Number of protein chains: 2
Amino acid sequence: MDFADRLVEAQQQKRSVLVLGVDPQLDTPTSPGIPVKRTLADFCCEIIEACADFVVAVKPQLAFFEARGLDGMAAFAKVVRFARSRGLITIADAKRGDIGSTSAAYAEAFLGGGDFACDAVTVNPYLGSDAMAPFVARVRSGRGLFVLVKTSNPSSGEFQDLDVCGRPLWEAVADRVRGWGSDFIGGCGLSSVAAVVGATYPAQAARARALMPNTIVLAPGFGAQGASAADAVAAARGDGLGVIVNASRSLMYAVRMRAEQSMAEAAAQAARAMRDELNQALAARHW
Amino acid sequence: MDFADRLVEAQQQKRSVLVLGVDPQLDTPTSPGIPVKRTLADFCCEIIEACADFVVAVKPQLAFFEARGLDGMAAFAKVVRFARSRGLITIADAKRGDIGSTSAAYAEAFLGGGDFACDAVTVNPYLGSDAMAPFVARVRSGRGLFVLVKTSNPSSGEFQDLDVCGRPLWEAVADRVRGWGSDFIGGCGLSSVAAVVGATYPAQAARARALMPNTIVLAPGFGAQGASAADAVAAARGDGLGVIVNASRSLMYAVRMRAEQSMAEAAAQAARAMRDELNQALAARHW
């Protein structure tokens, strides 16, 4: 089944556009409220289990697993297996991209059938089309990709906003993302070649929607990075589709703000509240 | 000791600018001349051992290890340990880059003290300064980084050559790389914040030298990707310093071209020949 169609089906079934970013920070063991004796994988899986009913997908961030070496990578594999066993769509947040033969190996790593394989992967477009092609080729097998277009971080404009023939660089990237995805538009009307546009830049998100009418936008930055629910859904289409919203730290470490609850209860309640808040923001946009 | 100073010292001691790219292709087990019963780590370590006297550094490519899952990552850790035990400088070819807190985790993974730690790492600049800062911070501890500026692949110009205020985007990136590295110029006169400029684009490499006078340039693309030795050293300074040249497949699989030799003999002879060819190209440039 087409990745975009699977994602839209899950979104409609769960009535949620929320994505759980599985970002186990390096200071985890000493965080208040996080039981110190849990293994990394158990911690992540417990949060996934708690949030499963409220999120459309999970997006583990490779960096936090790689930083823990071989044990961390074993935990990553376990986390992905667990999420899949719970029927959740998995997005490897890897931001890979290299020359063609190397990108093919990354595509095998994250969209193949091995230990780290997910349903989709995030990719960095700086090297251009031939670096993207091996990932795009996997779309035919039901996989998805999310190309960085306009990122959520404070300095994202340093290069992405540079003026290229009267418009910012990221718009040139958006044009190419639309092109790469044009052959892969599913029954839902959206492509399995998706984009990342930070929720912290809502004006650009609205513009991204205009430039990429059939592109799913993954919006990171909701929660800990400061974007509001209305900002986060700024790229949604009129029909409410086309955007999914990531939250990581505000779910993984919800217990810090809800000290009277268990870690799992706090994550579940935070996920439910964020899901509802995003749905309200989407409903408010209907015209 | 400063990374740039270590690299220059190794270059002068070994009289070599050649870097061994450890890129075990996914079809390795069935390649003619490659013994099928060797493990991935043993294959890579045997090539490293064979080339050790002729190369200034080794640059394992993460993609080819990640594509093999947990076994691949265990092999990566073993390969890095082995290279270090042989006194070789290690460059993790990871092309990472993410929002600040995530880049900090990647910096820990590849420039920290864990299973995957190397002396330097390649990074992707698309997210701007705050994504680079956690890597740059590690330079104070003797680590190095190589920022993608102009990559070696055919479509690198798609975004990197876009006109930004009358010059290509990659030149704007080069300016920032010079800035990021300006506080970290070692006794050798070169910075530990280095750049990647493809040997396949020699005119741009010469221009990169002018834009970044104190920046070491890692030039991939020599050998299998088609760049000549003269192209590969186009970014060298007048004193012969400031460029290191990567070759991967033409060393790892040299036995394919030298069927009468063992795998290790073929790699060693190819490395010696490439080292000499690069030194001759450097000597021919002296003015």
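Select A:Cys51 to begin: with 29 C-beta neighbours inside 10 Å, this residue counts as buried, a word used when 20 or more other C-beta atoms, placed from the backbone, lie within 10 Å of a residue's own, whereas 12 or fewer make it exposed and anything in between partly exposed. The model is a predicted one, in which local features need pLDDT of at least 70 and side-chain atom pairs count only at pLDDT 80 or more, while totals for chains, interfaces and linings use all residues. Residues are numbered from 1 along each chain as its sequence is written, and chains are lettered from A and ligands numbered from 1 in the order in which they are written.

A:Cys51 sits in helix α2 of chain A; helices (H or I, at least four residues) and strands (E, at least two) are DSSP runs, numbered from the N terminus. Leaving aside neighbours within four places in sequence, A:Cys51 is in contact with A:Leu20, A:Leu251, A:Ala267, A:Ala268 and A:Ala271, where contact requires C-beta atoms, placed from the backbone, to lie within 7 Å.

Next, select residues 40-51 and 263-285 of chain A, which are the helices α2 and α12, whose axes come within 8 Å and cross at roughly 45°. Axes here are lines fitted to C-alpha atoms, for helices over the stretch in contact, and angles run from 0 to 180 degrees between N-to-C directions. The two helices are therefore oblique to each other, given that angles under 35 degrees count as roughly parallel, over 145 as roughly antiparallel, 65 to 115 as roughly perpendicular and the rest as oblique. On the α2(A) side, A:Glu46, A:Ile47, A:Ala50 and A:Cys51 meet A:Met263, A:Ala264, A:Ala267, A:Ala268 and A:Ala271 of α12(A).

Now show both chains, and ask which residues of α4(A) and α4(B) meet. A:Leu70, A:Met73, A:Ala74 and A:Ala77 meet B:Leu70, B:Met73, B:Ala74 and B:Ala77.

Finally, select α8(B), whose 13 residues should span 18 Å at 1.5 Å a residue, and whose end C-alpha atoms are 19 Å apart, which agrees; the expected span is 1.5 Å times one less than the number of residues. Among the buried residues of α8(B) are B:Trp170, B:Val173 and B:Trp180.

Terms used: Contact = placed C-beta atoms within 7 Å.
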